[in-house]
Structures are given as structure tokens and as C-alpha cells.
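Grab a pencil and work through these exercises with the model open beside you. Each task comes with a solution to check your steps against.

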Amino acid sequence: MAEQTKQGGEKKLTGRHVFIWICGFFGVMFIANGFFVYYARTSWPGVVEKSPYTASQNFNKTLSEAAAQDALGWAMSLEFKRRQSEVYLVVSARDKLGNAIDDLTIEANVGRPATENFDHNLTLESTSDGVYQAKIGALDPGRWRVKFEALQKGEVKFQSLDTISLK
């Protein structure tokens with residue numbers, strides 16, 4: 001058994017002391033891990049794809065859709081615009097020649113990257129010359145995830161997932 005010496009006298013380190021220290025150490029670890037598990041389970045479900053098996057079966061289709069999207073050569077730019085206390089999502093759509101694309105239906109989902117608690121589903125309206133916008137409402141500053149699809153004649157032509165900072 002190990003011994004510990006102090007200036008005023010001798011104090012023994014017993015098995016009981018070691019047992020209390022080990023229980024205290026692992027007790028703190030279990031409590032910390034319990035908080036991490038609780039916040040991980042309540043903040044984000046972690047589901048990226050509802051059915052990963054089905055998505056894997058359609059992988060070749062996904063690749064061909066991405067190739068078709070690249071072949072279009074469309075350029076889409078995203079930005080948040082703040083007007084007074086309201087925030088708007090603004091998308092500018094251009095084809096590969098730089099011409100405005102005006103016949104799109106754009107649907108977007110705006111939310112925080114690590115949680116689904118602040119998600120907003122939007123349908124953007126064409127305002128002019130290839131510019132689409134939708135009012136989100138009050139939005140806190142920080143990083144926001146924007147996932148959107150541009151449909152032309154009911155068919156998805158362009159998809160994007162970006163992260164934008166709002167000041």
C-alpha cells in the first residue's frame with residue numbers, strides 16, 4: 001500500500017481513498033457523457049437520408065442527375081438580404097450564357113446546420129430578371145444552411161446545399 005507524507009504528520013493512502021477517487025473520476029465522466037448524449041439526441045436527429053438503402057439503390061440515377069445539372073451550366077447565387085427586421089432569401093439564376101432564367105419554381109429549406117428546430121420551408125417568387133426571393137422573417141445572425149431545388153416545367157433541374165453567414 002502506498003503512503004503519502006505531509007509536513008505535520010503522516011497520512012496513509014488507503015484502499016478506501018483510492019476507491020473514492022476512482023468512483024469520483026468515473027462519476028464525473030458518466031455525468032459529462034450523459035449531458036453530451038442528452039444534447040446530441042435532442043438537438044439533431046442525425047438523419048441525412050430517410051432511407052439510405054433506397055438512396056444507395058438510386059446512386060447511379062443521382063450521378064446522372066448531377067451530370068445533367070453540370071451540363072446545363074446554370075449559375076445560381078444565394079444571399080440573405082435584411083430589410084429592417086425581416087430577412088429575405090434571394091436567388092439569382094443565370095444560364096451558361098449569362099441570360100436570366102425566369103421560368104423556374106424554386107423551393108428552399110433554410111435552417112441551422114446542426115439542428116432542425118429553426119427550419120423554414122420557402123417557395124421563392126420571381127421578382128425580375130432571373131431574381132427570386134422569399135421572406136423568411138426574423139432570423140438570428142450566424143451560419144445558416146440553405147438547401148434548394150429549382151424546378152422547370154415540374155422537373156428538378158438544379159439542386160444545391162450551401163451554408164451562408166448572416167451578419
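**Exercise 1: overall form**

The chain has a radius of gyration of 27 Å, whereas a compact globule of 167 residues would come in near 15 Å; the radius is taken over C-alpha atoms, and the globule rule is 2.2 Å times the number of residues to the power 0.38. This is a predicted model, where local features need pLDDT of at least 70, side-chain atom pairs count only at pLDDT 80 or more, and totals for chains, interfaces and linings use all residues. Residues are numbered from 1 along each chain as its sequence is written, and side-chain values use heavy atoms, with hydrogens and water left out.

Task: find what the C-alpha trace spans along its principal axes.

Solution: the spans are about 90 × 45 × 25 Å.

**Exercise 2: Gln-69**

Task: decide whether Gln-69 is buried or exposed, and list what it touches.

Solution: start with its place, helix H3 (residues 59–72); helices are DSSP runs of H or I, at least four residues, and strands are runs of E, at least two, numbered from the N terminus. Next, Gln-69 counts as buried because its relative accessibility is 17% (buried is under 20%, exposed over 50%, partly exposed in between; 1.4 Å probe, protein chains only). Finally, skipping residues up to four places away in sequence, Gln-69 touches Lys-157, Phe-158 and Gln-159 (contact means heavy atoms within 4.5 Å).
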